Structures are given as C-alpha cells and as structure tokens.
Amino acid sequence: MKIGTIEIENPLILAPTDWAFRTICARLGAGVTVTEMVSSRALIYGDKKTAKLLKKNEGSVCGAQIFGNDPAVMARGAQLALEISGCDFIDINMGCPMPKIANSGDGCGLMRTPELAAEIVSAVKNAVDVPVTIKCRLGWDKGNLNFLDFTKRMEDAGADMVTVHGRTRAMLYSGVADWDAIGKVKAQLHIPVIANGDITDGEAAVKCLKRTGADGIMVGRSTFGDPWIFQEILAAQRGESYTRPCLADRIAVAVEQFQLSEQDHGEHVACLEARKHFAWYLRGVSHSSYYKNQITSLNTMEDIYRVAKDVVRDLK
Ligand SMILES: Cc1cc2nc3c(=O)[nH]c(=O)nc-3n(C[C@H](O)[C@H](O)[C@H](O)COP(=O)(O)O)c2cc1C
C-alpha cells in the first residue's frame, strides 16, 4: 500500500496518540502512527503546548493530525505542523465527535459541510509537499449517513488516503462499528482505505480486513495497555497464534512508556498519564485490584517504580 508517494510495508496503524505510546507501539509492530490531533489555529498562534504534541516518533511512518474548519488556517497549520514535527504526512481530523469540536464545525462537524471539507483538503494539498490524508466517521447521525458521497469528494479533492471509523458522530464510541459500510467506501475509491473501529484482537483484525477489503486497519482502544496487539495481528495474518510476554516483561515496557512520557512532559504529567495507562497494563491480571487502587494516586516516578516492583513480585 502507498500513502501518496510513501510505501507502507505494514499497514497496521496506531490511532492518534502521544509520543511515548507511539514510540512503544512503533517498536512493537505498528507500521504507521499519527500524532494526537492539534488545532490548526493554535499552531498559528504559536502555542508551545500544541507544538509539543507533534513530536515525531522513531520506528514507523508518522503522520501529524490537525483539526480546524478554515481552509487558509488549515493550510498554514499544516505547513507549521510539518516544520515543527518533520512528519511524513498530514492527516486531517474529520471524525472527532466531542461537542466542543464537532459543534463548532471542526472534526466530525466537517461531515455536515462536505464542500468546505473538500476545500480544506485541496488547500492543504496545495500548501504542503507530503501526502494528505483524512479520517472521518459514517456521518453526523443515523439520519445523515453521507460517508459514500463524503469520501468520494475527499478523494476528488486530492486526499491520498481515508480512514473510516465505522460509527456516526452521535454514536460516539457506543454500539458496533459498521464494517460493511467501510467495505462500501473501499469499493468505490481508488486511494487506500483504512478500516477503524472495534478491532479488538488478531482474529477481529483478519475478519475486518476480509469483510471490508480495506488496505489497512487502524487500532485505537484495544492498544491501551496492550501494545503487543500489533504482534498478535501480524501473527493472525500469518495464521499463527501469539503469546504475550510474561507480566514482568510487560511491566518493564509499561515503565519504559512512563519514562518516555516523563522525558516528554515532565514527572507530573507522566504520573497523571500513568494513572490511566498502568491500570490498562494490568487489565486481566488476577488479583491486581489492590495495585490498581494504588495506581490512582501515583505522584512521582518513584511511586511508579515501587508499584511496578511490587506488581512483578506479587502477581503473575
Ligand atoms: C481517548 C481517545 C482519544 C482519541 N483521540 C483521537 C484523536 O486525537 N484523533 C483521532 O482521529 N481519533 C481519536 N480517537 C478515536 C480513535 O482514533 C478511533 O477512531 C476510535 O477509538 C475507534 O477505534 P477503536 O474501536 O479501535 O478504539 C480517540 C479515541 C479515544 C478513545
């Protein structure tokens, strides 16, 4: 598969996330990663915090994701995102359902203004010399399922790849992603189509690729605390099963993620992030509730190291 001119050997895409977790997942088999979305307007205002989110990771092809609804601002934002990050491609968010974003006409709000969305794609294409991709949903709600018309317009406007999350904006993250709808998008476009939504394990990944005919898949929530899911998917594609590393090795990877996060954002933010991610790393580990409680009050890297040591000592 190719994103514009970029050859993608391994079309397993990690959903937009922070640099620390992208670094870990790229090492463990994600072929493409994407930064968490940043506001094109905030980039133009020179917001330092926004710029930091765009740090490119090693080990994978990496896209910078931007959002906004003004073609000129998005075009300049895309140029700045590239200057700051050195990323390989620009991804435009047309799928975020959060009211603050979507109700202002950004993110999934763009699915209600397809002509404007197309203008944004062509403005960004004209402004940068890297591939430009978009990520969208099926539509605003079940009465407005315009994904076929919408994705065709994006292709015509110059998009180099579309990722479709098989839900509407109204569904947020509930219900079931409609992979058949994604298959219809794949059937009508010439550019690569990436399927997203509810890929929970290797078996689901293989099923989704078969059902949609998509060129690749994007995995979001199932990666949380489980960056090994990419190895599992790669094994499933070869018809093999996959056994995750032992708990001690998994916790070592978790600690490395939190150290990278500290390096990126400092101890305070790293600990707040670790409160979520550490608990995810313990999902399914028997007798871990005592430690999950401790994780909710992590304040220092020393706290992280202590809990990690105790977990490895006491649990399997
Ligand atoms: C906490 C969280 C943050 C997300 N942030 C973004 C984002 O910045 N950009 C984006 O395109 N999608 C974002 N998403 C949506 C995911 O990329 C993905 O479309 C969605 O989770 C469905 O895929 P899944 O079923 O594999 O999780 C986010 C999802 C979650 C749960």
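The largest share of the lining of the largest pocket, 4 residues, comes from helix α12 (helices are DSSP runs of H or I with at least four residues and strands are runs of E with at least two, numbered from the N terminus). The ligand sits in this largest pocket (more than half of its atoms lie within 2 Å of the pocket's grid points). This is a predicted model, in which local features need pLDDT of at least 70 and side-chain atom pairs count only at pLDDT 80 or more, while totals for chains, interfaces and linings use all residues. Residues are numbered from 1 along each chain as its sequence is written, and side-chain values use heavy atoms, with hydrogens and water left out.

**The largest pocket**

- About 810 Å³ of space lies in the largest pocket (a pocket is an open set of points on a 1 Å grid over the protein atoms alone, with protein on both sides within 12 Å along at least five of seven lines; lining residues have an atom within 4 Å of a point).
- Of its 35 lining residues, A15, P16, Y173, G220 and F224 are the closest to the centre of the largest pocket.
- Strands β8 (132-136) and β11 (216-219) join α12 as the elements that give two or more residues to this lining.
- Sorted by class, the lining of the largest pocket has 14 nonpolar, 12 polar and 9 charged residues (Gly counts as polar, and Tyr, Trp, Cys and Pro as nonpolar).

**The ligand**

- The ligand is surrounded by 15 residues, and Q65, N196, D198, G220 and R221 are the closest (a residue is near if one of its heavy atoms lies within 4 Å).
- This shell holds 5 nonpolar, 6 polar and 4 charged residues.
- From the backbone of R221, an N or O atom lies 2.7 Å from a ligand oxygen (a polar contact is a pair of N or O atoms within 3.5 Å).
- M37 has a polar backbone atom 3.2 Å from an oxygen of the ligand, and N93 brings an N or O atom of its side chain to 3.4 Å from a ligand oxygen.
- The protein buries 78% of the 610 Å² that the ligand exposes when taken alone (Shrake-Rupley method, 1.4 Å probe).

**The cavity**

- The count comes to 1 cavity of 30 Å³ or more (a cavity is a set of points where a 1.4 Å probe fits but cannot get out).
- The largest cavity has a volume of about 40 Å³, and its lining consists of D18, A20, Q257, F258, S261, E273 and H277.
- Helices α11 (247-265) and α12 (267-281) are the elements that give two or more residues to this lining, and α11 gives the most, with 3 residues.
- By class, the lining of the largest cavity has 2 nonpolar, 3 polar and 2 charged residues.

**The second largest pocket**

- The second largest pocket has a volume of about 150 Å³ (the space filled by probe spheres set on the grid points).
- Among the 13 residues that line the second largest pocket, G225, R250, W280, Y281 and R283 lie nearest its centre.
- Its lining has 5 nonpolar, 3 polar and 5 charged residues.

Key: A polar contact is a pair of N or O atoms within 3.5 Å; within protein, one must be able to donate a hydrogen and the other to accept it, and residues adjacent in sequence count only if both atoms are side-chain atoms.
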